[in-house]
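This report describes the pockets of one protein model and the surroundings of its ligand. The account begins with the pockets and then turns to the ligand.

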Amino acid sequence: TNDLAARAHALRQQLTRYGHEYYVLDAPSVPDAEYDRLFRELQALENAHPELKTADSPTLRVGGMPLPEFSQITHSVPMLSLGNAFSDMQQDDFSQRHAELVQFDERIRRELAEAPIRYATEPKFDGLAISLLYRAGVLVQAATRGDGISGENVTENIRTIHAIPLKLELAQPPALLEVRGEVLMLKRDFERLNAEQLQRGDKPFANPRNAAAGSLRQLDSRITAQRRLSFYAYAIAQVEGADWPLSHAGEMDWLQQLGFPVVEASLRPVVTGADGLADYYESVLQRRAALPFEIDGVVYKVNSRAQQEELGFVSRAPRWAIAHKFPAEEALTL
Ligand SMILES: Cc1ccc(Cn2cc(C(N)=O)ccc2=O)c(C)c1
């Protein structure tokens, strides 16, 4: 009856807001027990009236029946990997690194016949790239990169990741929005998971990336739900029915407004030319050990989308974005 539907809708909205406060803003406004009470009320309502279950219900966060296999999804926009045109070198070889960045920036300036070039920067997360598809503001599909052309349909597992919105909090959501980002496990959650693995007599994971991959590739989404996976959005692949921001920095601000976790602003400045890139690279290299997640380098993207389109792609990698890897972390001297 419509007052039960109204109650279910009110509970979904409230639990969604509390979940966003807790997992994305890290600022809960109610005690866990209060969240739990409302959560159980919604679960009971949905179990008694299955027609009230919706695709954006927070009860999906606990996972459901295991799948026999993953179906394949073909990406309408290929998920390309980044080229990396920088050589490996010693951590302290500043002048060689700077020289390579000057070369890189000069190539872009030549191809665009523009100077100086503004670059959006960000850490290169060491997790799994994921594509999220939202139709009319509701999450309808999630896929892994796979070979870049097609990947695994991991929608049920992705719905258990609290940091990933099940619905966009917009009055008029875009008809279609495809968001790209990284599923990863924070260092501290990785340590906790491995301690639990050892207690259970199970094999510990080698590193957070493997733990995230293993947790996402579970056919039983209830197991995925028990793993503490996180997510950071870093690009928009498709927009229909809304204005697509004209710069990468604008995309990141919009994604944050839509409710997606994005990396903090101090880790994604827009910088100018080779010097700006070099300063950014050194600053993140310095902060690397203290970051809550593992990274294996940084990423530079020409900030203007018009300039990105002008540069296009070479073979399968974009000419407007490139990864710059760090030297392997020194083995811990015990
Ligand atoms: C029993 C219980 C319920 C919920 C949570 C964690 N949590 C809390 C909130 C909250 N406070 O807004 C929102 C979502 C959520 O998942 C824990 C750890 C334990």
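## Pockets and ligand site

The second largest pocket holds about 1,100 Å³ of space. It is lined by 43 residues, of which L80, L82, R145, R180 and Y234 are the closest to its centre. Two or more lining residues come from each of strand 2 (118–125), strand 3 (128–135), strand 6 (176–184), strand 7, helix 8 (248–257), strand 9 (295–302), helix 10 (305–311) and strand 12 (321–325). Sorted by class, this lining of the second largest pocket comprises 20 nonpolar, 8 polar and 15 charged residues. The model is a predicted one.

The largest pocket contains about 1,400 Å³ of space. Among its 48 lining residues, Y22, Y23, V24, H162 and A163 are the closest to the centre. At least two residues of the lining are supplied by each of helix 1, helix 2, helix 5 (187–199), helix 7 (221–226) and strand 7 (230–240). Helix 2 provides the largest share of that lining, with 6 residues. The class composition of the lining of the largest pocket is 26 nonpolar, 10 polar and 12 charged residues.

Which pocket does the ligand sit in? The ligand is placed in the largest pocket. Helix 1 (2–23) and helix 2 (32–48) are the elements that give two or more residues to the shell around the ligand. The residues of this shell are Y18, Y22, Y23, P28, V30, P31, D32, Y35 and D36. By class, the shell has 7 nonpolar residues, 2 charged residues and no polar residues.

| Residue | Protein atom | Ligand atom | Distance |
|---|---|---|---|
| Y23 | side-chain N or O | oxygen | 2.7 Å |
| V30 | backbone N or O | nitrogen | 2.9 Å |
| D32 | side-chain N or O | nitrogen | 2.9 Å |

On its own, the ligand has 450 Å² of accessible area, and the protein covers 75% of this. Y23 takes part in both descriptions: the side chain of Y23 has an N or O atom 2.7 Å from a ligand oxygen, and Y23 is also listed with the residues closest to the centre of the largest pocket. Y22, likewise, belongs to the shell around the ligand and to that central group. D32, whose side chain places an N or O atom 2.9 Å from a ligand nitrogen, lies within the range of helix 2 (32–48).

Conventions
Residues are numbered from 1 along each chain as its sequence is written. This is a predicted model: local features need pLDDT of at least 70, side-chain atom pairs count only at pLDDT 80 or more; totals for chains, interfaces and linings use all residues. Side-chain values use heavy atoms; hydrogens and water are left out. A residue is near a molecule or strand if one of its heavy atoms lies within 4 Å of it. A polar contact is a pair of N or O atoms within 3.5 Å; within protein, one must be able to donate a hydrogen and the other to accept it, and residues adjacent in sequence count only if both atoms are side-chain atoms. Accessible areas come from the Shrake-Rupley method with a 1.4 Å probe; for residues, only the protein chains shown count as cover. On a 1 Å grid over the protein atoms alone, a cavity is a set of points where a 1.4 Å probe fits but cannot get out, and a pocket is an open set with protein on both sides within 12 Å along at least five of seven lines; lining residues have an atom within 4 Å of a point. A molecule sits in a cavity or pocket if more than half of its atoms lie within 2 Å of its grid points. Helices (H or I, at least four residues) and strands (E, at least two) are DSSP runs, numbered from the N terminus. Ala, Val, Leu, Ile, Met, Phe, Trp, Tyr, Cys and Pro count as nonpolar, Asp, Glu, Lys and Arg as charged, and the others, Gly among them, as polar. Grid points are joined across faces, edges and corners, and a volume is the space filled by probe spheres set on the points.
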